[in-house]
Amino acid sequence: MSRVIGPGEAIGVLGSGQLGRMFAIAARRMGYRVHTFSPDRDTPTGQVADVEVRASYEDLDEVRAFAAKVRVVTFEFENVPAATAEAAASQCEVRPRGEVLHVTQNRLREKRFLRGIGVPCARFEEINERGDLARGVYPGVLKTAGFGYDGKGQRMVRTVEEAEAAWGELGRQACVLEELVDFEREVSVVAARGVDGAFAHYGVVDNAHRNHILDVTVAPARVGEGVVKEAVEIARAVLEALEVVGVLCVEFFLTREGRLLVNELAPRPHNSGHFTFDACVTSQFEQQLRAVCGLGLGSTELLRPAAMANLLGDLWAEGEPDWGAACAFPDVKLHLYGKLEARNGRKMGHLTAMAETGAQAELIARAARESLRRKS
């Protein structure tokens with residue numbers, strides 16, 4: 001049987017947020033049908049998918065029924081239970097494999113994996129009981145082992161006493177205590193691996209965070225060629241060791257001494273790769289589709305330097321943002337996710353700006369975002 005899943009076939013997505021929405025847009029443009037599965041309805045993905053199934057991820061009968069109607073299942077977020085991925089795999093291909101999710105959805109398993117393949121990361125201790133906290137390096141960051149993103153489930157701690165109090169606040173569950181890294185900047189590499197082992201990447205991008213949430217990404221990153229080469233080779237090693245079929249993002253700290261330390265992995269398209277939708281020959285979402293369907297990977301060429309600025313729910317505090325003002329910037333693209341309620345800190349959309357340099361694109365993106373604010 002052909003390994004290629006061609007246009008006209010149905011692709012299943014576990015999850016229904018903005019990543020699934022942009023994946024579905026890319027897939028439908030290429031002639032595929034998209035089915036999405038999540039506990040919610042009228043979701044960002046469901047609004048553009050062919051079929052929206054609303055059911056619990058723990059309802060394995062529904063998961064199997066969903067997977068039986070598609071040729072391949074992929075993910076738009078990593079916190080899908082392992083049993084859900086296993087149930088889907090009983091009916092069709094699951095890409096990336098459920099084992100990839102198993103590693104990356106838990107910080108302890110992820111850190112052990114990275115250490116096992118010799119990838120540099122910050123020193124850490126596994127915290128399972130109170131006595132483990134005494135072995136930590138301080139100051140540090142205490143993070144829950146599971147279900148953490150956008151700064152959720154973590155606390156800065158400077159002493160053992162602070163760590164004990166923070167561990168109590170986090171429910172005395174399994175945690176990772178990481179050494180606090182004095183970094184110059186945060187960067188990431190979004191990369192893809194095909195069924196045949198082919199590898200493609202989008203280079204290194206600069207990421208600026210605010211309140212632990214990605215604020216602005218600039219492509220390409222303002223780093224030396226040596227850093228780019230090392231970051232890409234680390235990304236390649238991670239994807240190959242995990243045998244990923246799909247897209248994965250490696251997030252790094254770049255220290256003031258020029259060392260790269262892996263911070264986190266995300267086995268899916270990533271917020272820092274959203275600029276690719278407008279600024280690259282092949283977006284990260286089309287690349288995910290190509291990979292999981294067994295097609296050749298597309299060119300990742302950056303057509304123009306670009307910057308992406310997230311739009312959080314805070315922008316709606318004074319009413320509907322002024323979309324006309326942002327769209328008055330001719331080199332800016334507006335992406336809204338169709339979320340039904342704006343909340344502080346919630347990702348509602350993003351802007352992508354393109355210019356002659358990344359620095360210029362960043363200035364334009366920030367100015368366009370500021371123009372959205374209603375003036376009282």
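Biologist: Which residues line the second largest pocket?

Modeller: Here is the general idea: rolling a probe the size of a water molecule over the atoms shows where empty space is left. A pocket is an open set of points on a 1 Å grid over the protein atoms alone, where a 1.4 Å probe fits, with protein on both sides within 12 Å along at least five of seven lines; lining residues have an atom within 4 Å of a point. In this case the lining consists of Arg210, Asn211, Ile213, Asp215, Asn310, Leu311, Leu312, Asp314, Leu315, Gly345, Arg369 and Arg373. Keep in mind that this is a predicted model, where local features need pLDDT of at least 70, side-chain atom pairs count only at pLDDT 80 or more, and totals for chains, interfaces and linings use all residues. Residues are numbered from 1 along each chain as its sequence is written, and side-chain values use heavy atoms, without hydrogens and water.

Biologist: What volume does the second largest pocket have, and what classes of residue line it?

Modeller: Its volume is about 160 Å³, taken as the space filled by probe spheres set on the points, which are joined across faces, edges and corners. The lining has four nonpolar, three polar and five charged residues. Ala, Val, Leu, Ile, Met, Phe, Trp, Tyr, Cys and Pro count as nonpolar, Asp, Glu, Lys and Arg as charged, and the others, Gly among them, as polar.

Biologist: Which strands each supply at least two residues of that lining?

Modeller: Strands are DSSP runs of E with at least two residues, helices are runs of H or I with at least four, and both are numbered from the N terminus. Here the strands are S12 (213-219) and S15 (306-312), and S15 gives the largest share, three residues.

Biologist: How many aromatic pairs are there?

Modeller: Rings of Phe, Tyr and Trp (its six-membered ring) pair if their centres lie within 6.5 Å; planes under 30 degrees apart are stacked, over 60 edge-to-face, and the rest tilted. The whole structure holds six such pairs. One of them joins Tyr57 and Phe77, with centres 5.8 Å apart and planes at 45°, so this pair is tilted. Ring pairs also link Phe37, Tyr57, Phe66 and Phe77 into a cluster.

Biologist: Is Tyr57 buried or exposed?

Modeller: Buried means under 20% relative accessible area, exposed over 50%, and partly exposed in between (1.4 Å probe, protein chains only). Tyr57 has 9%, so Tyr57 is buried, while Phe77, with 27%, is partly exposed.
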